[in-house]
Amino acid sequence: MANTSELPLHRAAAVSTSTTSQLSTTSEGQRVSDNASGRKNWHAWGPYLSERQWGTVREDYSAHGTAWDYFPHDMARSRAYRWGEDGLAGLSDETQKLCLALGLWNGADPIIKERLFGLTNAEGNHGEDVKEIYYYLDATPSHSYLKMLYKYPQVAFPYGDIVAENRRRGMDVLEYEVIDTGVFNDDRYFDIFVEYAQAEPGDILMRVRVVNRGPEEAALCVLPQLWFRNTWSWYHEAAKPGLFLDGPGVIAVGHPDFPGYRLYYETSGEPVFTENQSNPRLWGESNASGYYKDGINDYIAGGEPNAVNPDYLGTKAAVIHRLLVPAGASHEIRVRLSPGSPQKPFADFDDIFTARLAEADDYYAALQQGIGDDDQRNVQRQAFAGLMWTKQFFYFDVKEWLDGDPAQMKPPAERHYGRNRDWIHLNNADIISMPDTWEYPWYAAWDLAFHCLPLALIDAHFAKKQLDLITREWYMHPNGQIPAYEWNFSDVNPPVHAWATWRVFQIDREQRGDDGDLAFLESVFHKLMLNFTWWVNRKDREGRNIFQGGFLGLDNIGVFDRSAYLPTGGYINQSDGTSWMAMYSLNLMRIALELAKHNPVYENIASKFFEHFLHIAAAMSNLAGEGLGLWDEQDQFYYDVLNVGDEHGCHRIPMRLRNLVGLIPLFAVEVIEPELLERVPGFRERLEWMLENRPDLAALVSRWYEPGRGERRLLSLLRGHRMKKILLRMLDESEFFSDYGIRGISKHHEHTPYALEFRGQRYEVPYTPAESNSGLFGGNSNWRGPIWMPINYLLVESLHRFHHYYGDEFKVECPTGSGNYGTIRDAADELSQRLVGIFARDQDGKRPVYGHSPRMQNDPHFRDYILFYEYFHGDTGRGVGASHQTGWTALVAQLLQQR
């Protein structure tokens with residue numbers, strides 16, 4: 001019989017009430033509560049610097065949108081940024097007016113290391129990629145404690161070698177990484193541990209510990225840097241702030257937003273000052289005099305004593321510590337940025353750090369009490385750290401960007417006909433969770449939705465603010481479209497915002513122990529109804545509830561670039577686009593039903609989305625008999641359908657490529673409990689009318705009668721038979737089911753590539769388990785075989801929902817062909833375990849994520865530091881793509897909490 005319990009919050013996907021109670025009694029838990037209530041603003045400062053501001057759309061004022069070329073890495077040390085700042089291990093205030101970060105110089109590099117280096121999209125053989133080694137090791141949700149690690153070679157950083165070798169390599173070869181260059185041989189490098197602690201909100205302690213891992217004594221310059229974002233060069237008569245030496249060991253901050261702030265440093269350091277302004281020599285003015293952004297670099301690495309201001313004032317300052325560190329030894333540097341005037345700023349310094357780290361340990365001990373494995377606790381804690389460190393201040397006023405600044409040259413007129421010209425309402429200046437602050441230092445709408453689930457485990461208030469923010473009028477287009485990302489705000493991402501809103505509401509409600517934050521739910525719901533209408537009006541080409549959508553975030557998964565004009569002509573009816581809309585309908589229906597429990601006005605709205613779901617399900621099942629169905633009876637799978645016309649009429653061609661497009665219909669599933677229906681009589685009446693008077697649509701709703709409770713309803717695109725057929729393929733290890741999760745494309749296509757022949761042209765898609773072998777969407781992302789965490793997470797969650805309806809008596813074979821039959825929940829747990837297994841040590845003590853690097857796998861100074869890649873090799877679990885994607889890969893923290 002079916003499971004009769006109340007639908008679980010995805011196997012304890014939230015923090016349990018008892019755990020919440022224990023968290024709230026910790027010092028860090030109280031800070032999180034103070035932040036949410038507004039009693040104290042611990043988030044006034046945080047790790048909000050980007051790791052790459054150069055090469056972004058915001059800084060691109062070229063005529064034709066060539067962002068990578070317009071502002072390259074080599075220009076970044078000398079040219080002031082317009083819209084934000086980047087830095088190494090950096091912090092800033094929440095408006096990014098004042099920034100604190102680290103600079104390093106090993107005596108061999110041509111420039112100081114003050115930002116992370118990487119390749120542009122054109123330079124990398126698999127697109128843009130950061131070429132440094134660094135890790136986010138720890139963070140509390142309040143930012144009371146933060147820790148990261150950067151590994152800095154003692155020999156010259158191989159900038160030229162990395163560029164040249166990656167350009168030489170083709171797409172069929174692995175990327176050339178900094179660890180491959182030999183600069184870490186014989187352990188000739190420094191581990192640079194950077195920690196921050198807040199004594200009180202805004203009282204910032206920075207501790208830098210340098211460890212010489214090499215066999216010999218080595219020299220290093222360490223320079224904490226403090227500077228203002230340039231806010232004065234863009235407008236006439238704009239006020240300019242200042243920094244100045246205020247006695248031994250003190251740099252004063254002159255800005256009305258930071259009254260009384262000073263940077264305290266130990267007097268062994270040498271203070272130097274310059275201006276955060278562009279150096280005119282970039283534009284050929286070789287005789288220009290003054291102090292510029294690169295002044296500190298030129299003073300240290302270039303030996304130019306006149307590059308810094310002898311009067312000890314400016315808008316950028318550094319404190320230079322020249323160290324000689326013995327082999328195996330360490331050295332510590334301390335600075336404090338404080339609004340007070342402590343007589344002895346370092347007297348309580350170490351005690352504060354000791355306390356904050358102990359409080360972080362207490363907090364995570366309470367959160368992780370259900371995770372028995374030390375290594376898995378380490379994985380989860382570093383995933384949370386990544387989420388905290390990849391918050392970023394994102395500033396972008398599109399109209400001002402297109403028009404140009406009053407005090408600068410007018411930009412090319414062509415820009416008004418180019419990128420983002422339809423988004424002049426968009427004016428962002430907020431702290432946002434980024435996918436990866438080097439490779440993706442801009443928000444991506446559907447990534448953000450996934451970030452919010454693990455964020456909600458530790459800071460539901462921040463997660464809710466993120467979901468609300470992206471639907472606000474200065475983000476969402478007046479027509480209802482949610483902005484995709486800065487490279488093209490008009491691109492179309494999967495509509496997962498309603499799902500994330502509902503799930504974060506559930507997690508938060510579990511933690512609160514009340515009816516939940518209904519004001520948040522209602523506020524976002526109203527904006528999402530506008531977005532749903534945009535989808536219906538713009539992406540249902542024939543008005544028959546079959547949707548197109550475009551590439552939908554899955555990049556190169558299909559035969560064609562689905563966001564461009566097709567080489568065949570015509571258009572594609574998308575199985576995934578239509579399934580996403582079915583899921584969207586159910587998500588909005590469920591939110592409306594929750595709101596209807598408190599306000600009956602929402603019952604009619606819930607009915608509207610219920611009926612919309614039924615019509616989408618009918619169209620996908622081809623009940624109208626018009627040849628529009630996306631289910632293929634021959635293969636028992638869902639496919640995209642290519643629609644092309646000629647003089648003989650319209651032809652519909654199923655593209656029998658077995659990929660995630662055929663699994664996404666699993667996401668559209670909802671169980672309606674009889675107890676809920678009792679609370680919403682108007683909706684129940686309409687539902688029953690539909691079931692009685694529209695038998696064609698009633699066949700899409702499964703019902704299970706339980707004596708004493710009434711009927712439970714299953715709303716899904718897949719009822720029992722079709723679901724089993726889909727799972728038969730999905731759980732087949734020779735097709736989708738890898739040892740590390742569900743592949744993007746069936747392994748069946750490894751030896752039998754899918755081919756479409758049309759009008760003399762052949763289009764082919766093979767199984768490609770790791771890096772992309774095509775330049776589609778830049779070549780740095782690949783959906784043709786690898787494992788992607790967000791899709792896998794949604795599959796786990798959907799399987800749990802199906803199990804909740806069908807119960808323990810409904811059996812599936814997992815893996816297919818194994819003879820091992822279990823419940824759908826067993827299959828979900830097996831998938832979850834395999835995903836966690838990407839990062840956790842296996843029985844041999846190895847982490848599959850590091851299968852490509854013996855050094856990272858075995859070296860004690862590497863092996864327990866975790867990188868959360870963008871996606872993973874479909875056969876080995878090796879990390880691929882962006883290496884710091886926490887980001888949506890932080891969903892592994894959610895899986896661990898559930899387990």
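This is a predicted model: local features need pLDDT of at least 70, side-chain atom pairs count only at pLDDT 80 or more; totals for chains, interfaces and linings use all residues.
Leaving aside its neighbours within four places in sequence, which residues is His-497 in contact with?

View 1. His-497 belongs to helix H11, which comprises residues 497–512. Beyond the neighbours within four places in sequence, the residues in contact with His-497 are Ala-449, Leu-467, Ile-470, Thr-471, Ile-482, Val-524 and Leu-528. The relative accessibility of His-497 is 5%, and the residue therefore counts as buried, the cut-off being under 20% relative accessible area.

**View 2. Helix H19, residues 789–806.** This helix contains 18 residues, which at 1.5 Å a residue should span 26 Å. The C-alpha atoms at its ends are 26 Å apart, in agreement with that expectation. Because 18 of the 18 residues of H19 are buried, the helix is largely enclosed by the rest of the structure. Gly-807 follows H19 and has a positive phi, near 80°.

**View 3. An open sheet of six strands.** The strands are arranged in the order S1-S2-S3-S10-S16-S14, and their pairing is antiparallel. Strand S1 (45–46) and strand S14 (270–274) are the edge strands, each of which pairs on one side only. Strands of a sheet pair through backbone hydrogen bonds, in either a parallel or an antiparallel manner.

**View 4. The pairing of S1 with S2.** Strand S2 covers residues 88–93 and pairs with S1 in the antiparallel sense, over two bridges. Gly-46 has Ser-92, in S2, as its bridge partner.

Definitions and conventions. Residues are numbered from 1 along each chain as its sequence is written. Side-chain values use heavy atoms; hydrogens and water are left out. Helices (H or I, at least four residues) and strands (E, at least two) are DSSP runs, numbered from the N terminus. The expected span of a helix is 1.5 Å times one less than its number of residues. Buried means under 20% relative accessible area, exposed over 50%, partly exposed in between (1.4 Å probe, protein chains only). Contact means heavy atoms within 4.5 Å. Two strands pair if DSSP finds at least two bridges between them.
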